[in-house]
Amino acid sequence: MKAKKPNAELVCKQFEDALAPRLRLSTTDRAVYYHLLRHSRLEGKPRLHFSVIWLARNLGLTVETVRAALRRLVQHRALRLVERSKAGHVMDVRLPEEVPGARRSTPQTRAAVPSPHSGNLEETDFMRTPELRQAIHAREGGVCFYCLRRIGPDFQCLDHVIPRAQLGPNSYRNLVSCCRECNSRKGERPAPDFLRSLYRDGRLTGAELISALQSLNDLAAGHLRPAGV
């Protein structure tokens, strides 16, 4: 079933202005991502079945170069590996705004996120207002921080990486957008332990687990600022 085709011009601007610089993508990574995006989301298909040989031939690259780029894009969570077999790869191709941690820079996003009244982002309580809570959801691009599922606005929750019971603050460094199921299942477990349980249950691939753990480090270090802030 085909999904609604996104605005190609807007997608390209989001990729060049936000995603590529944020992830520091190489020229090869950009070419691979664009080609997969062209044959999937821009044609209304969220998932693409392809062979590495086909991709390498179309881009004029070696198979090993393409394989390495695919691994990096999966680790960055721009792609999600669904299946790999002799018949080829099946991947979900994410739009730039759907990649967790990628800051969007569209006018709509900037308008939706107010400047913290205190003027100090580090001291702002992001649970204080609906607008500030929405800034955290926007940062994750509608994707669960933990299981990476696409989630609609009615099923989004905010989760404290360090639980409130353990004195976790309402800081942007300690809040993530997630689905209701992960919010309930995680409970008061440490976020790294919960991510590893998702990997053991087959909900995350090894590359996705490594990327998610790195995102936790980036979050704690203040590198994943709320969208538009």
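This is a predicted model: local features need pLDDT of at least 70, side-chain atom pairs count only at pLDDT 80 or more; totals for chains, interfaces and linings use all residues.

Colleague: Is the crossing of H1 and H2 left-handed or right-handed?
Modeller: Helices here are DSSP runs of H or I with at least four residues, strands are runs of E with at least two, and both are numbered from the N terminus. A crossing is left-handed if the near helix is turned anticlockwise from the far one by less than a right angle, and right-handed if clockwise. The crossing of H1 and H2 is right-handed.

Colleague: How are H1 and H2 oriented relative to each other?
Modeller: H1 spans residues 8-23 and H2 residues 27-38; their axes lie 13 Å apart at an angle of about 150°. The axes are lines fitted to C-alpha atoms over the stretch in contact, and angles between N-to-C directions run from 0 to 180 degrees. Under 35 degrees counts as roughly parallel, over 145 as roughly antiparallel, 65 to 115 as roughly perpendicular and the rest as oblique. The angle therefore makes H1 and H2 roughly antiparallel.

Colleague: Which residues of H2 make the contact with H1?
Modeller: Contact means heavy atoms within 4.5 Å. H1 contributes Val11, Cys12, Phe15, Glu16, Leu19 and Ala20, and the residues of H2 are Arg30, Tyr33, Tyr34 and Leu37.

Colleague: At what angle do H2 and H3 pack?
Modeller: H2 passes H3 in a right-handed crossing. Their axes are 11 Å apart, and the angle is about 110°.

Colleague: Which residues of H4 make the contact with H3?
Modeller: H3 (residues 52-59) and H4 (residues 63-75) cross at roughly 110°, their axes coming within 9 Å. H3 and H4 are therefore roughly perpendicular. From H3 come Val52, Ile53, Leu55 and Ala56, and from H4 Val63, Val66, Arg67 and Leu70.

Colleague: How are the rings of Phe126 and Tyr172 arranged?
Modeller: Rings of Phe, Tyr and Trp (its six-membered ring) pair if their centres lie within 6.5 Å; planes under 30 degrees apart are stacked, over 60 edge-to-face and the rest tilted. The count by this rule is six aromatic pairs. For Phe126 and Tyr172 the centres are 6.2 Å apart and the planes at 65°, so the pair is edge-to-face.

Note on methods:
Residues are numbered from 1 along each chain as its sequence is written. Side-chain values use heavy atoms; hydrogens and water are left out.
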